[in-house]
Amino acid sequence: SRLAALRLRDGKTQELLEVDAPASAVCFSPDGRRLYFTRFTRPAGYGLHWMEIDPETMRPLGEAREAVRGLSVPMHMDISRDGKRMVVATVEQDSNLYRLSLQGNEPDRPLTNNRNFRNTFPSVSPDGKRIAYAVRQLGRPVQVWIMNADGSG
C-alpha cells in the first residue's frame, strides 16, 4: 500500500509512505503536522501508526512510528479539535470453527471459542471423531491443533 496526500488548494499530491501491508483509516492531526493511519502488522495484528509531516510541503519528517498494536481491525478514527483525544472504531474478528446443521434441525454452534487471530482449514478425520485445523496466533508460527468432533478436548 502507499499513503499519499492531496493538497486541495492546488491539487498537488505527495507520496508519504510505502508500506508492506494494507494501510487504512488515515487521519490528520488538527494542526496538520501529524498523520495517523492503521496497518496490518506481521505476523498477525493491526497497529495504529503516526508520522510527522510538513503541513506546507506534505513531506514526511522522519519515519513512521507504531503507537499501539492489537488484534482488532481499526476502521475509522477521528481526533478532537484540540488534538488531545482520539477515537478509533474497531471490528473484533471471530475466527472460530462452527458446526452447521445441513438439515436445519439443529442450531449452528461454535466448536472453538477463543481469540486466536485465525482458526482455518478444518479437516475431519476418516473415522469422524476428530477435527484438525490450522491456528494462527499473534507472534507465533502457524500451528495444527486437534480436537474432538464435538469441540471438546
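Hi everyone, and thanks for making time. Please keep in mind throughout that we are looking at a predicted model.

Let me start with the overall picture. What radius of gyration does the protein chain have, and what would a compact globule of 153 residues have? The chain comes out at 21 Å, while the globule would be near 15 Å. The box around the C-alpha atoms tells you about the outline as well: roughly 65 × 30 × 30 Å along the principal axes. Of the 153 residues, 32% are buried. And if you take contacts between residues at least 6 apart in sequence, 29% of them join residues at least 24 apart.

Four strands make up an open sheet, ordered 3-4-5-6, with antiparallel pairing. Strand 3, residues 23-28, and strand 6, residues 65-70, are at the edges; each has a single partner strand, so one side of each has no neighbour in the sheet. Going from one strand to the next, the twist averages 20 degrees. As a reminder, strands of a sheet pair through backbone hydrogen bonds. If you zoom in on strand 5, residues 46-52, you will find five bridges joining it to strand 6, and the two run antiparallel. For a landmark there, look for W50, which stands opposite R65 in strand 6.

Next, the charged side chains. How many salt bridges does a search of the whole structure find? It finds five, and I'd like to walk you through some of them.

E52 forms a salt bridge with R34, and their closest N and O atoms are 2.8 Å apart.

R9 is exposed, because its relative accessible area of 61% is over the 50% cut-off. E56, at 48%, counts as partly exposed.

Then there is D82 with R85, whose side chains meet at 3.6 Å, N to O. D82 is partly exposed at 43% relative accessibility, whereas R85 counts as exposed at 54%.

Let me finish with Q14, which lies in strand 2. Its relative accessibility is 11%, and since that is under 20%, Q14 counts as buried. Which residue does the side chain of Q14 join in a polar contact of 3.3 Å? That would be R59, through its side chain. Leaving aside residues up to four places away in sequence, Q14 touches L3, A4 and A5, along with T57, M58 and R59.

That's my tour, and I'm happy to take questions.

Note on methods:
Residues numbered from 1 in each chain as written. Predicted model: local features only at pLDDT ≥ 70, side-chain atom pairs only at ≥ 80, totals over all residues. Heavy atoms only, no water. Pairing = 2+ DSSP bridges. Axes fitted to C-alpha atoms, helices over the stretch in contact; angles between N-to-C directions. Salt bridge = Lys/Arg side-chain N within 4 Å of Asp/Glu carboxyl O. Buried < 20%, exposed > 50% of the residue type's maximum accessible area, 1.4 Å probe, protein only. Polar contact = N/O pair within 3.5 Å; in protein donor to acceptor, adjacent residues only side chain to side chain. Contact = heavy atoms within 4.5 Å. Rg over C-alpha atoms; globule rule 2.2 N^0.38 Å.
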